[in-house]
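Biologist: I have a fold open on my screen and would like to talk it through with you. Could you take me through the terms as we go?

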Amino acid sequence: RIDSRINVMHIRNAGVSNARNTGMKLATGRYITFCDSDDYIEPNMISTLYYDALTSNADVAMCNYNLICNETIIKNEVTNFKNILNKQEFYSFAIEDKYYCGFACMKLFKRSAIYHNDTPILFNEDIHLCEDIAWLFEVAQHCTIFFYNYNKHLYNYVQHENNFNHRKWNIKLATILKAQFIQIEIAEKNCPDIAGILKEQSLRTGIGIEYEMIQLGISDDNT
């Protein structure tokens, strides 16, 4: 042990949500962040987001990212965007693919945004695709200020050919619908303007899943 503040837990592989939930249940710090196993962060990511959170009084501080693909670095370019977002703006922002804001990574969360009565909002372990954004929608309900440092590319997202998003379709991917239903329910309460967009997305997703099931010869009775 080089640093007594660091605790390493060795657990069986039960998926990313289980790993994150285990960490949150054990965490004692005033801020929480996530980094996926294949990815890596710049040395100053935490200190930068911590400073951003303090100076803006943000519940969530966010940075931009680099896409690492076959050793090629591609910066996610965002220009002329505002730094301070309110809850409604964050919800709209989170569903825009180009910002990659719907991921739990690349962010520093105040403990008070995630923990209530010292119990964390947990990731749904029955969802295997888009579990991040479903969780973020739940957390955002308890937040007021979001800070986006879009000029700082401090998270490195490593994309492999066998990344989950690039695997062949399987029935677990259908759980994206559950994630979308959670988003719709929360949006209707907190940001009605995007609820219609989410319903359209869910409809397209459902049609796509039905098509894949037909192609694979899977019936509803077998799911």
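Modeller: Happy to! Helices here are DSSP runs of H or I with at least four residues, and strands are runs of E with at least two. On that basis the protein has 7 helices and 9 strands. Do keep in mind that this is a predicted model.

Biologist: How do you know what span to expect of helix 7?

Modeller: The expected span is 1.5 Å times one less than the number of residues. Helix 7 (residues 192-216) has 25 residues, and its 36 Å from first C-alpha to last is close to the expected 36 Å. After helix 7 comes G217, with a positive phi near 75°.

Biologist: Which residues of helix 7 are called buried, and what covers them?

Modeller: Buried means under 20% relative accessible area. In helix 7 that applies to I194, A195, L198, S202, T205, I209 and M213. Their cover includes helix 3 (87-94), helix 5 (131-140) and helix 6 (176-190). Across the protein, 44% of the 223 residues count as buried.

Biologist: Why are M9, I11 and L26 called a nonpolar patch?

Modeller: Patch residues need over 30% relative accessible area, and nonpolar side chains are joined within 5 Å. M9, I11 and L26 form such a patch, with about 300 Å² of accessible area together. L26 lies in helix 1 (residues 16-26).

Key
Residues are numbered from 1 along each chain as its sequence is written. This is a predicted model: local features need pLDDT of at least 70, side-chain atom pairs count only at pLDDT 80 or more; totals for chains, interfaces and linings use all residues. Side-chain values use heavy atoms; hydrogens and water are left out. Patches are made of residues with over 30% relative accessible area and no salt bridge: like charges are joined within 9 Å, nonpolar side chains (Val, Leu, Ile, Met, Phe, Trp, Tyr) within 5 Å. Accessible areas come from the Shrake-Rupley method with a 1.4 Å probe; for residues, only the protein chains shown count as cover. A salt bridge is a side-chain nitrogen of Lys or Arg within 4 Å of a carboxyl oxygen of Asp or Glu. Buried means under 20% relative accessible area, exposed over 50%, partly exposed in between (1.4 Å probe, protein chains only). Contact means heavy atoms within 4.5 Å.
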